Amino acid sequence: GDFGVDMGLLQYYYPGAKTAAGDKYDTLEGYAGVTWKWLSAKYSYAFSDFFGAPNSDGSGYLDLGFNMEVAPKLNVIAHYGMQTIKNNSAAEYNDWKVGLTYDLKGWVLGAAYIDTDADSAVYTLANAQGKTKDLGGSTIVLSVTKTF
């Protein structure tokens, strides 16, 4: 029908992986979501520390979505998300996406523009050669998806 509800638990497990301070990245997360026609909303809540951030249980993510068919097999998609991290507001961010998908005989082709307002001082990664990459920067994503 037009209305849907989804609830669940997710366990992210990274065997042996730890932060430099020795905290595990493992995270237990619960979520609840609702959909109505082409709109969706889901809230995820971390029951444990959030991916290795100390004292961050209670962090959350709000995911708002839009997916509407505008022509046969062609959909407009949009997303807005808000990440909160308990006791680490510098790492909090909002993210968004806008794009199109097209169903080609069960293969879904997609193109989307994705961006965030993540603080580059927090979300920059350096490789072994010393080159840095802003992980919160904007990008275009092309995708091909097939569900079996």
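Author: Two strands pair if DSSP finds at least two bridges between them. Strands are DSSP runs of E of at least two residues, numbered from the N terminus. The model is predicted, so local features need pLDDT of at least 70 and side-chain atom pairs count only at pLDDT 80 or more, while totals for chains, interfaces and linings use all residues. Residues are numbered from 1 along each chain as its sequence is written, and side-chain values use heavy atoms, with hydrogens and water left out.

Reader: What makes strand 6 and strand 7 a pair?

Author: Strand 6 and strand 7 are joined over 10 bridges in the antiparallel sense; at least two are needed, so they pair. Within this pair, Trp96 stands opposite Asp115 in strand 7. The hairpin of the two strands has 2 residues between them, and Lys105 there takes a positive phi near 55°.

Reader: How do you know that strand 7 and strand 10 pair?

Author: 8 bridges join strand 7 (residues 107-116) to strand 10, and the two run antiparallel. Trp107 has Lys146 in strand 10 as its bridge partner.

Reader: Why are strand 1 and strand 10 called edges?

Author: The open sheet has 8 strands in the order 1-2-3-4-5-6-7-10, with antiparallel pairing. Strand 1 and strand 10 (139-146) each have a single partner strand, so one side of each lacks a neighbour in the sheet.

Reader: Why is Phe47 called partly exposed?

Author: Buried means under 20% relative accessible area and exposed over 50%, with partly exposed in between (1.4 Å probe, protein chains only). Phe47 has 48% relative accessibility, so it counts as partly exposed. Phe47 lies in the loop between strand 3 (39-46) and strand 4 (60-71).

Reader: What does Phe47 touch?

Author: Contact means heavy atoms within 4.5 Å. Leaving aside residues up to four places away in sequence, Phe47 touches Leu9, Leu28, Glu29, Gly30 and Asp57.

Reader: Why does Trp36 count as partly exposed?

Author: Trp36 is in strand 2. Its relative accessibility is 42%, so the label is partly exposed.

Reader: Which residues make the nonpolar surface patch?

Author: Phe3, Val5, Met7, Val34, Trp36, Trp38 and Leu39 make a patch of about 740 Å². Strand 1 (3-12) and strand 2 (27-36) are the elements that give two or more residues to the patch. Strand 1 gives the most, with 3 residues. Nonpolar side chains (Val, Leu, Ile, Met, Phe, Trp, Tyr) are joined within 5 Å, like charges within 9 Å. Accessible areas come from the Shrake-Rupley method with a 1.4 Å probe, and for residues only the protein chains shown count as cover.

Key
Helices (H or I, at least four residues) and strands (E, at least two) are DSSP runs, numbered from the N terminus. Patches are made of residues with over 30% relative accessible area and no salt bridge: like charges are joined within 9 Å, nonpolar side chains (Val, Leu, Ile, Met, Phe, Trp, Tyr) within 5 Å. A salt bridge is a side-chain nitrogen of Lys or Arg within 4 Å of a carboxyl oxygen of Asp or Glu.
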